[in-house]
Amino acid sequence: MFRLSTKGRYGVRAMFDLALHYDEGLVSLKSIAERQEISEHYLEQLIAALKKAGLVKSIRGAQGGYMLSREPSKITIGEILRALEGSLSPSECIDDIERVDCPRAEFCVTRKVWEKVKEAIENVVDSVTLQDLVDDYKKITANESYMFYI
């Protein structure tokens, strides 16, 4: 079964939190961890990878914290997942990052299926932005008094 790891899932949640609070400026890891119910230690690792990928920026110090490096409408879920998970390929034979040369590639009938699966996944995650998640959250919680979890 093709499944995202907690890195990808929690990373999207953390980035959603930063997007939700984008207009408020810097956000502390502690507040993200509490709101999203993610270990602060694990969140530090995720944010480090997201920072390395240029998706998050930080300011140190007592008034420091984290924020998105670009507007929420300019960051896709695909960018986040690739920064944390690497390739989104369902099979090594079509992996853009760690391609494995397969002796069956020329006559492999299943390869086309895996290519289509990869393309479909990429089309979806590359078409959804953090702003889309924020907008969905606001619609869902407009008349509710509960926290929406992704």
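Leaving aside residues up to four places away in sequence, leucine 26 touches Ile59, Gln63, Gly64, Gly65, Tyr66 and Met67. The structure is a predicted model, and in it leucine 26 is found in the loop between α1 (6-20) and α2 (29-36).

Serine 31, by contrast in location, lies in helix α2, and its side chain reaches the backbone oxygen of serine 28 at 2.8 Å. The two residues are set side by side below by their relative accessible area.

| Residue | Relative accessible area | Class |
|---|---|---|
| Leucine 26 | 32% | partly exposed |
| Serine 31 | 17% | buried |

Serine 31 is classed as buried because its relative accessible area of 17% falls under the 20% cut-off, whereas leucine 26, at 32%, falls in the range between 20% and 50% and is therefore partly exposed.

The largest nonpolar core has 29 residues, of which Met15, Leu18, Leu43, Leu50, Ile77, Ile80 and Leu130 touch the most other members. At least two residues of this core are supplied by each of α1, α2, α3 (40-52), α4 (77-85) and α6 (130-141), and α1 gives the most, with six residues. Leucine 50, one of the core residues that touch the most other members, has contacts with Gly11, Met15, Leu55, Val56, Ile80, Ala83 and Leu84, again not counting residues up to four places away in sequence.

Definitions and conventions. Residues numbered from 1 in each chain as written. Predicted model: local features only at pLDDT ≥ 70, side-chain atom pairs only at ≥ 80, totals over all residues. Heavy atoms only, no water. Helix = DSSP H or I, 4+ residues; strand = E, 2+ residues; numbered from the N terminus. Buried < 20%, exposed > 50% of the residue type's maximum accessible area, 1.4 Å probe, protein only. Contact = heavy atoms within 4.5 Å. Polar contact = N/O pair within 3.5 Å; in protein donor to acceptor, adjacent residues only side chain to side chain. Core = buried A, V, L, I, M, F, W, Y, C linked by side-chain atoms within 4.5 Å.
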